[in-house]
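Have a look at it, then follow the questions below.

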Amino acid sequence: MSTTTAGAMNAPSQASARRKTVGLSLLFVAMLAFPLLPQTGIPFFVNLGGQANVDVLSTTISYALLAMGLNIVVGFAGLLDLGYAAFFAIGAYLYGVLTAFQVMPHWSGFWEPFAYLGLVHKISMGGAEVVHFTLSFWLAIPLSALCAALFGVLFGFPTLRLQGDYLAIVTLGFGEIVPIVFLNATPITNGAAGLNGIQAPRLFGYNFGVNSVPYYYVAIALIVAMIFISIRLRDSRIGRAWMAIREDEIGASAMGVNLVNFKLLAFATGAAIAGVAGTFYIAKLQTATPDMFNFNVSAMILVMVVLGGMGSVWGAVAGAVLLSVLQFWFLQDLTSWIHTFGEMTGFTYLTKLDLVQSIDLIFGVILVVMMLFRREGLIPAVRRSPNLNFDAQHAVVQRGGFVGKEKLGRYTAEPGNALEIKDVTVRFGGLVALNKVNITVPSGSVVAVIGPNGSGKSTLFNVISGLVQAESGSIKYHGAEILGLAPHKVLEKGIARTFQNIRVFPNLTVLENVLIGQHARLRTGPFGAILRLPGTRAEETRAVEWAKDIISMFGNRLAPRVAQTVSGLSYANRRRVEIARALASRPKILLLDEPTAGMNPNETLELAEQIRDLKSLGLTIVLIEHKLDVVTRLADNVIVLDHGEKIAEGPADEVRRNEEVLRAYLGRAAGEAAHAA
Ligand code: ADP
Ligand code: MG
């Protein structure tokens with residue numbers, strides 16, 4: 001049954017993959033052949049050939065490169081950057097300054113080795129011997145990438161603590177600062193007049209000069225490389241970590257993603273691509289002025305990404321191509337057609353219309369229309385998988401059984417106390433959320449934490465997992481202090497958690513969510529992701545296998561839905577995904593914050609049994625739970641919190657009869673009544 005459904009679902013996707021490959025190959029060949037088209041002299045579409053059109057296409061590809069880079073920052077990692085053109089400018093000026101006749105220090109022996117390497121030449125100017133920088137274009141490409149990436153990290157650093165609007169505003173500031181610096185650093189950049197005479201690339205002694213065709217082929221090589229890099233990063237541990245940050249920062253850090261590193265990596269990667277685009281663009285243009293990199297450019301690239309579909313690699317390309325064609329070709333032709341029409345019909349107003357000047361207005365309209373009618377863009381990043389058919393949706397619930405049981409030796413508890421919480425105090429302003437709380441969790445046991453709402457239970461989990469800071473106290477994990485560690489470090493140690501208000505990654509699939517749980521246990525870095533050598537492949541295969549093993553624990557609740565986005569799942573299934581994601585990190589301790597909330601009695605029972613299975617495998621579990629039958633069924637020890645203080649502790653039956661507990665739950669009168677009875 002399941003194989004036939006899988007087969008039926010795979011068949012069209014294989015066919016469409018084949019169609020896609022054929023389509024892309026044809027497009028690629030067409031692009032290679034483009035400069036061979038003859039120039040006909042008839043305007044627009046018929047007259048595609050010729051240097052000018054080839055040049056426009058190269059410019060278009062430069063923008064596609066930029067869109068691709070910004071897509072990594074905004075689309076993948078969800079970091080709204082309104083000053084992206086700054087990195088475009090840095091790449092451009094790096095090559096510009098190091099090849100134009102602008103900075104020319106006096107010649108000295110210091111320059112000899114550089115001259116030997118061909119990076120500088122000795123020329124005479126007004127009788128004096130000066131240095132002329134002649135950095136090779138081919139060397140400038142990686143150098144710009146590196147330099148822009150450094151600035152990406154530099155600009156990214158102060159923004160790390162910022163999100164959303166604040167991040168956007170700071171990046172907007174950087175986007176303004178960079179062109180202004182270039183404008184005012186006149187001795188180096190020649191100010192508003194800009195750099196002129198920037199050197200054209202050479203290849204095997206051939207000077208590109210002003211011939212559009214070689215630039216065009218370089219552009220194609222660059223865009224193919226960047227598409228490849230983008231896709232490889234997207235489909236890797238790196239891309240998953242970025243998307244986890246985009247979907248839920250707190251959830252991502254609690255699942256082991258180092259927010260600082262991965263945000264900076266996104267900024268650096270995006271910036272590097274912009275740097276490359278800048279060098280290429282300026283080498284082609286052979287002139288650079290600061291106003292080529294102002295806010296309008298940042299905004300235009302952002303519109304390209306939004307139009308194409310945030311987070312979608314092909315979307316970024318499509319958005320860039322569409323808007324460039326609109327701006328550089330279509331609007332000019334359309335304007336001249338309107339002028340002709342105006343002259344013929346006598347509407348003088350029409351003869352004055354210039355659509356090219358209204359490009360910002362047109363971009364604005366495009367943005368509004370996209371937001372209203374197609375927020376996910378022309379080529380959405382998230383491909384909705386078809387819903388399960390009626391039979392699958394109404395299939396009898398099959399309990400899982402952890403097919404990977406034999407692999408779970410890793411859960412075997414180390415002896416001793418897994419957690420020792422001593423005198424932990426957490427304060428939110430004047431409110432004491434936890435007051436000198438002491439809790440010991442023996443390895444391999446299930447400890448339940450109960451207490452009225454607001455008694456500090458979730459805060460306890462937050463302080464263990466590093467999401468809130470304690471004022472005093474100590475938390476030892478197998479004897480080692482973990483208080484004060486960042487959330488991803490706590491997860492690395494082997495403590496995984498779920499959240500009371502579920503923090504799954506809604507726009508990612510069930511499988512991707514569970515894979516992110518393994519982030520801390522996988523090693524693939526950015527270069528590994530791009531190269532995808534056999535080691536990386538094997539790691540990825542193992543990760544997927546492990547994810548599916550974990551998912552199998554929930555029987556047919558999740559298994560048929562692995563390819564679906566989590567946003568479409570039922571509440572109970574989202575809770576299951578969150579538990580599976582935590583388990584995927586191979587924890588020694590699992591912290592479950594009200595896991596059965598919102599589940600019906602059957603589902604509650606099912607989950608209770610699953611938790612007991614996990615315990616029998618040696619996993620240590622701390623459980624916040626309101627349903628007392630679940631607590632009684634599972635817990636070896638129950639801790640009762642009230643107003644941030646531990647008021648009782650002991651086996652479930654004992655705690656249930658405790659007078660103070662009754663008072664906390666039911667009020668003083670009831671407590672006294674119980675006492676009287
Ligand atoms: P519980 O999970 O037991 O219902 P919580 O631990 O969520 O309770 O909350 C304990 C108390 O701390 C509540 O009064 C809550 O309002 C407060 N609190 C929790 N988190 C924060 C926070 N981040 N900032 C300020 N107050 C908080
Ligand atoms: Mg809570």
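**A first look around**

Author: Let's start with the magnesium ion (ligand 2): its protein donors are Ser458 (OG) and Gln500 (OE1), lying 2.0 Å from it. Donors here are N, O and S atoms within 2.8 Å of the metal (3.2 Å for Na, K and Ca), and since water is not among the atoms, sites may look incomplete. Bear in mind that this is a predicted model, where local features need pLDDT of at least 70, side-chain atom pairs count only at pLDDT 80 or more, and totals for chains, interfaces and linings use all residues. Residues are numbered from 1 along each chain as its sequence is written, chains are lettered from A and ligands numbered from 1 in the order in which they are written, and side-chain values use heavy atoms, with hydrogens and water left out.

Reader: How many residues apart are Ser458 and Gln500?

Author: Ser458 sits in helix α17 (residues 457-464), while Gln500 is in the loop between β12 (495-497) and α19 (510-517). Helices (H or I, at least four residues) and strands (E, at least two) are DSSP runs, numbered from the N terminus. So the pair links distant parts of the chain, 42 residues apart.

Reader: What is the relative accessible area of Gln500?

Author: Buried means under 20% relative accessible area, exposed over 50%, and partly exposed in between (1.4 Å probe, protein chains only). Gln500 counts as partly exposed, at 33%.

Reader: Which residue has a polar side-chain atom 2.5 Å from an oxygen atom of ligand 1?

Author: The residues around ligand 1 (a heavy atom within 4 Å) include Lys457, Ser458, Thr459 and Gln500. A polar contact is a pair of N or O atoms within 3.5 Å. The side-chain atom at 2.5 Å belongs to Thr459.

Reader: Is Ser124 buried or exposed?

Author: Ser124 is found in strand β1 (residues 120-125). Its relative accessibility is 59%, so Ser124 counts as exposed.

Conventions:
A polar contact is a pair of N or O atoms within 3.5 Å; within protein, one must be able to donate a hydrogen and the other to accept it, and residues adjacent in sequence count only if both atoms are side-chain atoms.
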